[in-house]
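Dear colleague,

Please find the structure below. My notes follow it.

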Amino acid sequence: MRALIIRHDHPSHAGFVGVRLAERGFESHDVTVVPDERFHSPDVRFAFPSPTDFDVIVVLGAPWSVYDTATIGTWVGDELDLLREAVAADVPVLGICFGAQALSAALGGTVEPAPKYELGWHRIETDDANLIAAGPWYQWHFDRFTVPPGGREIARSTVGPQAYVVGRSMGVQFHPEVTPDIAAAWLAHGGTDQAAELGLDVEDLRRSEAGARERAAALVDAFLTEVAKL
């Protein structure tokens with residue numbers, strides 16, 4: 001089984017989600033849309049692989065907004081096309097944060113600035129704890145999505161939807177993949193300044209949370225079994 005991992009920026013990787021996919025026997029093919037030297041000018045050209053070459057696609061987060069075409073319009077439209085093609089071809093997608101927003105937008109949902117940010121460890125309200133546990137989950141986002149037409153909301157917070165299922169695909173607003181090194185990399189790439197501007201404790205954003213790896217593994221297992229049906 002082959003998994004396509006779409007990384008949008010160098011500091012982000014599949015973390016605990018990638019670990020569990022490997023434990024489940026998946027061979028991961030990672031692509032990075034914006035190279036490290038273009039982090040501050042992400043209007044690059046990128047040729048996405050064909051989604052039908054893979055058994056599952058994982059779309060990770062990004063520090064940009066799906067709707068900010070002035071910044072990432074050179075490639076975000078192609079990514080939405082990939083996601084539409086994947087769903088049409090019945091290739092399961094797991095969208096995480098920006099990935100969940102992109103999946104929603106590709107399927108007719110919307111993405112907009114959230115009424116307030118969510119950063120750090122948060123618990124959520126879930127309709128199905130066997131599929132999406134209440135957490136705590138790591139959050140780092142300033143936007144929110146609507147559930148796309150035909151989708152089913154399965155978790156939420158006061159900010160908006162936190163998870164949905166549509167066909168054999170699923171989107172989650174939080175970051176099940178986060179490891180301490182991912183959090184440290186985000187802080188090093190502008191997150192520390194963001195936290196200071198918002199009056200947040202950087203050490204709280206850096207800390208790990210007991211059981212995070214196990215919750216991520218359970219989410220991946222439930223996604224593969226109950227949603228993707230692989």
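The model is predicted, so local features need pLDDT of at least 70 and side-chain atom pairs pLDDT 80 or more, while totals for chains, interfaces and linings use all residues. Residues are numbered from 1 along each chain as its sequence is written, and side-chain values use heavy atoms, without hydrogens and water.

The largest cavity has a volume of about 40 Å³. A cavity here is a set of points on a 1 Å grid over the protein atoms alone where a 1.4 Å probe fits but cannot get out, and lining residues have an atom within 4 Å of a point. Its lining residues include Phe16, Trp121, Trp137 and His175.

Helix H5 covers residues 180-198. Its end C-alpha atoms are only 21 Å apart, short of the 27 Å that a straight helix would reach at 1.5 Å a residue. H5 bends by about 75 degrees at Gly190 (the angle between axes fitted to the seven residues ending there and the seven starting there). Gly199, which follows H5, has a positive phi near 75 degrees.

Ser12 lies in the loop between strand E1 (2-7) and H1. Ser12 is buried too, at 4%, and touches Arg7 and Trp186 (heavy atoms within 4.5 Å), not counting residues up to four places away in sequence.

Regards

How values were computed
Helices (H or I, at least four residues) and strands (E, at least two) are DSSP runs, numbered from the N terminus. The expected span of a helix is 1.5 Å times one less than its number of residues. Buried means under 20% relative accessible area, exposed over 50%, partly exposed in between (1.4 Å probe, protein chains only). On a 1 Å grid over the protein atoms alone, a cavity is a set of points where a 1.4 Å probe fits but cannot get out, and a pocket is an open set with protein on both sides within 12 Å along at least five of seven lines; lining residues have an atom within 4 Å of a point. Grid points are joined across faces, edges and corners, and a volume is the space filled by probe spheres set on the points.
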